[in-house]
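These are my notebook entries on a structure that was new to me. I set down what I looked up, in the order in which I looked.

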Amino acid sequence: MKKSPKFSTQITTLLILICVFIACSGDDDSSATNETNPDTEASDYDITPILTKFSAAGLSYEISGSNVIFTTNDLPDHKSPYYLDTEWESSLYEAYNGSNTSFNLNPNRIAAQNITITIPLHPAEASNKEATALGTMGLAINGVVFYNQYAGPNNQPLTSEINSFDQYLGHPQQQGGYHYHQEPVYLTNKFGNDTFLGLLADGFPVYGPIENGDEITNADLDDYHGHVGVTADFPNGIYHYHITSEDPYINGNGFFGTPGNITN
């Protein structure tokens, strides 16, 4: 039987509508996939999950907008020869018992500080990298601050100053502010050499000298002493710094991200 022209036109129209529907459906699916893909924005880091690891007497934090504000008295929660002649001597003084045969107790003694560090909750790489200054550049999970690889006042190598580091590789400056320039061995001994140790002021985390069972060296890291990779705390990966046994120890040529405000 011969089909009428009207019937043929109806079939053609129906086929066109079906093709348009399929094409539109495909476009919608593609758009939804891009919006929900967690890897679309590689710099969308969130450090909120690790904040609970900061725990010590005299250390507190609060979230304010897109920042976390830490306040610390900077008193180490471990013993030290630098607690000699302080109000904490009876409970926290411990004579030097480390391995440095050239250890020399400096004249400073530990004193409580009032340090506030504002750190971004969503750190991102800075387009213009800033050098770290002498003094506080970050915070360890026990409330002790991190310093960079230089001695004051003129960015001198730590060559001689290292001899005043106590058995936990920290010491106080002239105002009594205790700090780590190197690996905080009290923390790595307690929690492991691959553990999360703290944050620098740009919001990126600091980890110990071991990663995936191997010791990290400076050659494994970029100019800022870090790299991007998966950690136990960030299974989707994050830029992070590593402690190493050689200069610059914690940080290299500056912050990878944009540092927040530091008030001593």
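**Entry 1. A starting point.** Which residue in β11 does Gly198 stand opposite? I found that Gly198 stands opposite Val206 in β11. Before going further I noted that this is a predicted model, in which local features need pLDDT of at least 70 and side-chain atom pairs count only at pLDDT 80 or more, while totals for chains, interfaces and linings use all residues. Residues are numbered from 1 along each chain as its sequence is written, and side-chain values use heavy atoms, with hydrogens and water left out.

**Entry 2. The chain as a whole.** I counted three helices and 16 strands in the secondary structure of the chain. Helices (H or I, at least four residues) and strands (E, at least two) are DSSP runs, numbered from the N terminus. Of the 264 residues, 43% count as buried. Buried means under 20% relative accessible area and exposed means over 50%, with partly exposed in between (1.4 Å probe, protein chains only). I then looked at contacts, meaning heavy atoms within 4.5 Å. Among those between residues at least 6 apart in sequence, 63% join residues at least 24 apart.

**Entry 3. The sheet of eight strands.** I traced an open sheet with mixed pairing, in the order β8-β9-β5-β4-β10-β11-β15-β14. Two strands pair if DSSP finds at least two bridges between them. At the edges stand β8 and β14 (226-229), each with a single partner strand, so one side of each is left without a neighbour in the sheet.

I then turned to β10, where five of its five residues are buried. Three bridges join β10 to β4 (residues 138-140), and the two run antiparallel; Ala140 has Gly198 as its bridge partner. β10 is also joined by three bridges to β11 (residues 205-207), again antiparallel. β10 and β11 form a hairpin with four residues between them, and Gly203 in the turn has a positive phi of about 95°.

**Entry 4. The sheet of four strands.** I found a further open sheet, β1-β2-β3-β16, with antiparallel pairing. Its edge strands are β1 (59-64) and β16, each pairing on one side only. Inside it, six bridges join β2 (residues 67-72) to β3 (residues 115-120). The bridge partner of Asn67 in β3 is Pro120.

**Entry 5. The core.** Which residues have the most contacts inside the largest nonpolar core? They are Phe54, Phe70, Phe146 and Tyr241, in a core of 53 residues. Such a core is a set of buried Ala, Val, Leu, Ile, Met, Phe, Trp, Tyr and Cys residues joined through side-chain atoms within 4.5 Å. Strand β10 (residues 196-200) gives the most to this core, with four residues. Not counting residues up to four places away in sequence, Phe70 touches several residues, among them Leu51, Phe54, Ile117, Leu139 and Leu199.

**Entry 6. The second largest pocket.** I noted a volume of about 270 Å³ for this pocket. A pocket is an open set of points on a 1 Å grid over the protein atoms alone, where a 1.4 Å probe fits, with protein on both sides within 12 Å along at least five of seven lines; lining residues have an atom within 4 Å of a point. The volume is the space filled by probe spheres set on the points, which are joined across faces, edges and corners. Of the 16 lining residues, the closest to the centre are Tyr147, Gly152, Glu161, Gln173 and His179. β6 (150-151) and β8 (170-172) each supply at least two residues of the lining.

**Entry 7. Backbone details.** Most residues other than glycine have a negative phi, and most peptide bonds are trans. I looked for departures from this. The peptide bond from Gly152 to Pro153 is cis, with omega near 5°, and Pro153 lies in the loop between β6 and β7 (156-157). The bond from Asp247 to Pro248 is also cis, with omega near 20°.

Is Tyr249 buried or exposed? I recorded Tyr249 as buried, at 10% relative accessibility; its phi is positive, about 70°. Asn212 has a positive phi near 55° and is exposed, with a relative accessible area of 73%.
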